[in-house]
Amino acid sequence: MVPRACHPTGGGMSTQSKSVQQPGEAQLFAALRAFVLEVLPTGTTVLQSRQNRTPPPRGMLVLITPLSRQLIGTGSTRYGPQSCTLLRQEQLATQISLFGTGAADAAQTLFALWRDAWSTTFFANLAAQQHGMPRLAPLYADNAECLPYVNAQQQYEPHWQLSLHSQLTFSITLPAATATAATVHSVAADRL
């Protein structure tokens, strides 16, 4: 019995290459960072959060933190001659934390634009112009909140936070199982 394409390979089967997952975390961060840099003032520093030994920069700082990825639809499979691709729709929740002077205005700018058709067009153009960029589809944003933040010098600093929710298509491309050799035996029908 020969396994169907996209099923684990068995004995006598070969694969062409390893699986490829898209988009990866780095691609998602790059797309979200590009959006934030496009709409916030020049000089804003945008970093991926949870990085050790990273001193805060001068000026406004934006931290992007992935919160969750949730399946929102039934997956599908596309078959090709050498591979098959498993597709699934996901909802991505991302926390945006803004620190420094202008953080409140910046949070409101992100909130307003995320809920506008402008952001959908931005991500469509970004995916079309830069290879490897995911095509995010903004869904909605949670209201921005002001949270307490005390720096290392025990001084209060403005800190605003909101969550951005988007939809994306996640894919895993796997090599198709192919037979490297086949043995054919003919058996006369009257001898069965």
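1. Helix α3, residues 117-129, has 13 residues and reaches 18 Å from its first C-alpha to its last, close to the 18 Å expected at 1.5 Å a residue. The expected span is 1.5 Å times one less than the number of residues in the helix. Helices here are DSSP runs of H or I with at least four residues, strands are runs of E with at least two, and both are numbered from the N terminus.

2. On the basis of the note: this is a predicted model, in which local features need pLDDT of at least 70 and side-chain atom pairs count only at pLDDT 80 or more, while totals for chains, interfaces and linings use all residues. Residues are numbered from 1 along each chain as its sequence is written, and side-chain values use heavy atoms, with hydrogens and water left out.

3. Ser 119, Phe 122, Phe 123, Ala 124 and Leu 126 of α3 are buried; buried means under 20% relative accessible area, exposed over 50%, and partly exposed in between, with a 1.4 Å probe and protein chains only. The cover over the buried residues of α3 includes α1 (25-39), α2 (103-114) and β7. At the start of α3, a side-chain oxygen of Asp 116 comes to within 2.8 Å of the backbone nitrogen of Trp 118.

4. Overall layout. The protein chain has 3 helices and 10 strands, and their order along the sequence is β-β-α-β-β-β-β-α-α-β-β-β-β. Of its 192 residues, 33% count as buried. Among contacts (heavy atoms within 4.5 Å) between residues at least 6 apart in sequence, 69% join residues at least 24 apart. The accessible surface comes to about 12200 Å², of which 51% belongs to carbon and sulfur atoms; the areas come from the Shrake-Rupley method with a 1.4 Å probe, and for residues only the protein chains shown count as cover.

5. Two strands pair if DSSP finds at least two bridges between them. Strand β3 (residues 45-48) runs parallel to strand β4 (residues 61-71), and 4 bridges join them. Gln 48 has Ile 64 as its bridge partner in β4. Strand β4 is in turn joined by 10 bridges to strand β6 (residues 83-99), and these two run antiparallel. Pairing around β9. Strand β6 and strand β9 (residues 159-175) run antiparallel and are joined by 17 bridges. In this pairing, Phe 99 has His 159 as its bridge partner in β9. Strands β7 and β9 also run antiparallel, with 4 bridges between them, and Ala 141 stands opposite Leu 164 in β9. Strands β8 and β9 pair in the antiparallel sense over 2 bridges; here the bridge partner of Cys 146 in β9 is Trp 160.

6. Thr 94. This residue is found in strand β6. At 2% relative accessibility, Thr 94 counts as buried. Leaving out residues up to four places away in sequence, Thr 94 touches Leu 32, Ile 64, Thr 65, Leu 67, Leu 162, Ser 163 and Leu 164.

7. Salt bridges. The count comes to 2 salt bridges, each being a side-chain nitrogen of Lys or Arg within 4 Å of a carboxyl oxygen of Asp or Glu. The side chains of Glu 90 and Arg 69 form one of them, at 2.8 Å from N to O. Glu 90 lies in strand β6 and Arg 69 in strand β4, so the pair ties together parts that are 21 residues apart in sequence. Arg 88 and Glu 90 also meet through their side chains in a salt bridge, at 2.8 Å from N to O. Glu 90 is buried, with a relative accessible area of 3%. Arg 69 is partly exposed at 35%, and Arg 88 is partly exposed at 34%. Salt bridges that share partners join Arg 69, Arg 88 and Glu 90 into one network.

8. Ala 144. The loop between β7 (137-141) and β8 (145-146) holds Ala 144. With 16% relative accessibility, Ala 144 counts as buried. Ala 144 touches Ala 107, Gln 108, Trp 160, Gln 161 and Leu 162, not counting residues up to four places away in sequence. Ala 144 and Ile 96 are 48 residues apart in sequence, and their C-alpha atoms are 9.3 Å apart in space.

Technical notes. A polar contact is a pair of N or O atoms within 3.5 Å; within protein, one must be able to donate a hydrogen and the other to accept it, and residues adjacent in sequence count only if both atoms are side-chain atoms.
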